[in-house]
Amino acid sequence: MNAAIRAVTRAGIDQGLEVYGVRSGFAGLIAGNFRRLQARDVGGLMQQAGTFLGSARCAEFRTEEGKDTALHRLRREGIDALVVIGGNGSQTGAQALSARGFPVVGVASTIDNDLYGSEMTIGVDTALNIALEAIDRLKATASSHGRAFLVEVMGRDCGYLALMAAIAGGAEAVVIPERETDPGLLAEQLRSAYQRGKSHALVVVAEGATYNAEALVHHFKENRERLGFEARATILGHVQRGGTPGAFDRLLATRLGVAAVQAIARGEHGVLLGLVRGEVGATPLDEVVSHRKEIDLSLFELARVMAQ
Ligand code: F6P
């Protein structure tokens, strides 16, 4: 997100615009917490995770009054257009402001990669690499001790990170909300991996699956005698969001941030800037919020084939 803020700021200044940062997302919009940003204010940000402006989940913005207050603040401050960097929740808010007639452009950013209108969103690649580092490390212990490990990755409603981490990390199985797994079947999959001569069994689990790591550990504990092995869980949680952004994310954030400013300069708004067929592309916010980005389930089959 920092790289995107830097891009918006510097591209805006380059276009002769005055750029303001809003602190704490929609909460800052409601509170009128704006700060003028100059080129030097966004220096050294590219390599920092997160957002130096702060972010917040804001219940008040979901109300009609909250949105009205935000619009009032924007107009009172003489703001002409807004760039909203974020995932589904943020772009739903962006669309609501746009529908009320305010010029808004979205920039696709969420580690979950579940936002319609962008093949990849800012943060996904870095989060995935952090998950992979953990998986690679856990495999060392798993192999040495012949243990089964469950690694839970983020993804409240979406199994993208889990599925990709499972394929790239060489996991024996993957559990995602889009393809729920019965714990009994999962245990059979792991047992069969040992029987095929594997020295470890590693499962990547999405946090949003009904049988998440906690539920699976419980099941495996209850059935330890019968299964003949135990499973340890590592829940990565927010660790995945704090990594130094990789080259892919820095470049994507820069391209999308600059494209957002260019769109505003052309008078184009009410759209999300994302990666569409490998290029920077715009999708109407109305379309973004009314569609669900589906995971490619053929990748689930790929994970199975690779786990042999
Ligand atoms: O939506 C991105 C995400 O990282 C989800 O994967 C995760 O469930 C959620 O945010 C965590 O949000 P919070 O930090 O507000 O609990």
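Trainee: Okay, leaving aside its neighbours within four places in sequence, which residues is Arg-224 in contact with?

Mentor: Arg-224 is in contact with Phe-229 and Glu-230 once those sequence neighbours are set aside. Before we go on, keep in mind that this is a predicted model.

Trainee: Got it. Where does Arg-224 have its place?

Mentor: In helix α9, which covers residues 224-227.

Trainee: And is Arg-224 buried, partly exposed or exposed?

Mentor: Partly exposed, because its relative accessibility is 36% and that class sits between 20% and 50%.

Trainee: What separation do the C-alpha atoms of Arg-224 and Met-154 have?

Mentor: They are separated by 27 Å, and along the chain the two residues are 70 residues apart.

Trainee: Switching to helices. At what angle do α1 and α10 pack?

Mentor: About 35°, and their axes are 7 Å apart. Helix α1 is residues 2-14 and helix α10 is residues 247-266.

Trainee: Why give me both an angle and a distance?

Mentor: Because two packed helices are described by the angle between their axes and the distance between the axes.

Trainee: Is the crossing left-handed or right-handed?

Mentor: Right-handed, as α1 passes α10. On the α1 side the contact is made by Ala-3, Ala-4, Ala-7, Val-8, Ala-11 and Gly-12. On the α10 side the residues are Arg-250, Ala-253, Thr-254, Gly-257, Val-258 and Val-261.

Trainee: How many of those are nonpolar, polar and charged?

Mentor: The contact of α1 with α10 has 8 nonpolar residues, 3 polar and 1 charged.

Trainee: While we're on α1, is Thr-9 buried or exposed?

Mentor: Thr-9 has its place in helix α1, and it counts as buried because its relative accessibility is 1%, where the cut-off is under 20%.

Trainee: What does Thr-9 touch?

Mentor: Not counting residues up to four places away in sequence, Thr-9 touches Val-19, Leu-37, Gln-38 and Val-42.

Trainee: New topic: rings! How many aromatic pairs are there?

Mentor: The count comes to 1 aromatic pair. The rings are those of Phe-26 and Phe-61, with centres 3.9 Å apart and planes at 5°, so the pair is stacked.

Trainee: Why does 5° make the pair stacked?

Mentor: Because planes under 30 degrees apart count as stacked, and the planes of Phe-26 and Phe-61 are at 5°.

Trainee: Which parts does that pair tie together?

Mentor: Phe-26 lies in helix α2, residues 25-31, while Phe-61 lies in the loop between β2 (34-37) and α3 (64-76), so the pair ties together parts that are 35 residues apart in sequence.

Trainee: Are those two Phe residues buried or exposed?

Mentor: Phe-26 is buried, and Phe-61 is buried as well.

Trainee: What lies over the face of Phe-61?

Mentor: Lys-67 does, at 5.8 Å from the ring centre.

Trainee: Now Arg-62. Where is its place, in which loop?

Mentor: In the loop between β2 and α3. Arg-62 is exposed, with a relative accessible area of 62%.

Trainee: Last topic, backbone angles. What is phi of Ser-24 near?

Mentor: Near 60°, a positive value in a residue other than glycine. Ser-24 lies in the loop between β1 (19-22) and α2, and it is partly exposed, with a relative accessible area of 28%.

Trainee: What about phi of Arg-277?

Mentor: Arg-277 has a positive phi of about 50°, although it is not a glycine. Arg-277 lies in the loop between β9 (271-276) and β10 (279-284), and it is exposed, with a relative accessible area of 73%.

Trainee: Nice, thanks for the tour!

Methods
Residues are numbered from 1 along each chain as its sequence is written. This is a predicted model: local features need pLDDT of at least 70, side-chain atom pairs count only at pLDDT 80 or more; totals for chains, interfaces and linings use all residues. Side-chain values use heavy atoms; hydrogens and water are left out. Axes are lines fitted to C-alpha atoms, for helices over the stretch in contact, and angles run from 0 to 180 degrees between N-to-C directions. Helices (H or I, at least four residues) and strands (E, at least two) are DSSP runs, numbered from the N terminus. A crossing is left-handed if the near helix is turned anticlockwise from the far one by less than a right angle, and right-handed if clockwise. Contact means heavy atoms within 4.5 Å. Ala, Val, Leu, Ile, Met, Phe, Trp, Tyr, Cys and Pro count as nonpolar, Asp, Glu, Lys and Arg as charged, and the others, Gly among them, as polar. Rings of Phe, Tyr and Trp (its six-membered ring) pair if their centres lie within 6.5 Å; planes under 30 degrees apart count as stacked, over 60 as edge-to-face and the rest as tilted. Buried means under 20% relative accessible area, exposed over 50%, partly exposed in between (1.4 Å probe, protein chains only). A charge sits over a ring if NZ of Lys or CZ of Arg is within 6 Å of the ring centre and within 35 degrees of the ring normal.
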